[in-house]
Amino acid sequence: MPSAPATATWRPAPAARVRSWFGDWLVVGAWLGVLSLAALLVRPLLGDPDPGPPGPRALLVADGAVALATVVPYVAYLALSESSRHRATVGKRWGGLVVADVTGARPGTSQVWLRNLVKALPWHVAHLGVLRAVLDVQPTLAMTLTGLSLVLAGACAAPALAGGRGLHDRVAGTRVERASTDGSARVDA
């Protein structure tokens, strides 16, 4: 029976991808826990908020604050980790994975940043939708943004689980592959 083509040997198993995601979700969860604790400590100092719905400017400020507190640190964590000598986040290291370009070589810094900006896009779009739902403003836009975020998340995650490259990897010209036993990228003969 002929062996599989060499181009397929880089593909990580779905279990490794899920283990990787779980590890990174723990990192993100810890950050969100820190933010939640900070919010609980600061909230009493702010006094009672205005009970009315926020105006367009207040909504824009809230969008920016959420992005700066959550999305920007998330993208920085991913990009700086994947640009490091390990070429992997904490989760990817736990899953035995590294980020490579489409040939299996070390990706460029701009590729890694682009990959993670696209990867974080569903999360940011979801924040925009959920914030509008929570504040009870722009309900149609809230539902549209939340639905769009799910479609984008599926375009990033589903192909990766099937052994392929998600939207973020296709846009950036990268892929996630199995690391060799010494932690470097796997080299196929």
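Ala 162 counts as exposed, at 66% relative accessibility, where exposed means over 50% relative accessible area, buried under 20% and partly exposed in between, with a 1.4 Å probe and protein chains only. The structure is a predicted model, in which local features need pLDDT of at least 70 and side-chain atom pairs count only at pLDDT 80 or more, while totals for chains, interfaces and linings use all residues. Residues are numbered from 1 along each chain as its sequence is written, and side-chain values use heavy atoms, with hydrogens and water left out. Ala 162 is placed in the loop that joins helix H5 (139-161) to helix H6 (167-172). Although 151 residues separate Ala 162 from Arg 11 in sequence, the C-alpha atoms of these two residues are 9.3 Å apart in space.

The protein contains six helices and two strands, taken as DSSP runs numbered from the N terminus (helices H or I, at least four residues; strands E, at least two). Along the sequence, these elements follow the pattern α-α-α-β-α-α-α-β. Of the 189 residues in the protein, 36% are buried. When contacts (heavy atoms within 4.5 Å) are taken between residues at least 6 apart in sequence, 70% of them join residues at least 24 apart.

In soluble globular proteins, nonpolar side chains tend to be buried together. Here the largest nonpolar core has seven residues, namely Val 28, Val 71, Tyr 74, Val 75, Tyr 77, Leu 78 and Ala 120, and helix H2 (residues 56-83) supplies the largest share of this core, with five residues. Such a core is a set of buried Ala, Val, Leu, Ile, Met, Phe, Trp, Tyr and Cys residues joined through side-chain atoms within 4.5 Å.

Lys 92, in helix H3 (residues 90-95), counts as buried at 3% relative accessibility. With residues up to four places away in sequence not counted, Lys 92 touches Ser 20, Asp 24, Glu 82, Leu 97, Val 99, Arg 115, Lys 119 and Val 176. Asp 169, placed in helix H6, is likewise buried, with a relative accessible area of 1%; leaving aside neighbours within four places in sequence, the contacts of Asp 169 are Arg 115, Thr 174, Arg 175 and Val 176.

Three aromatic pairs are found in a search of the whole structure. Phe 22 and Trp 94 form a tilted pair, at 6.0 Å centre to centre and with 40° between the planes, and this pair links distant parts of the chain, since Phe 22 belongs to helix H1 and Trp 94 to helix H3, 72 residues apart. Both residues are partly exposed, Phe 22 at 42% relative accessibility and Trp 94 at 48%. The rings of Tyr 74 and Trp 123 have centres 4.5 Å apart and planes at 75°, so this pair is edge-to-face. Because Tyr 74 lies in helix H2 and Trp 123 in helix H4 (residues 109-134), the pair ties together parts that are 49 residues apart in sequence. Rings of Phe, Tyr and Trp (its six-membered ring) pair if their centres lie within 6.5 Å, with planes under 30 degrees apart counted as stacked, over 60 as edge-to-face and the rest as tilted. Tyr 74 is buried, with a relative accessible area of 15%, whereas Trp 123 counts as partly exposed at 22% relative accessibility.
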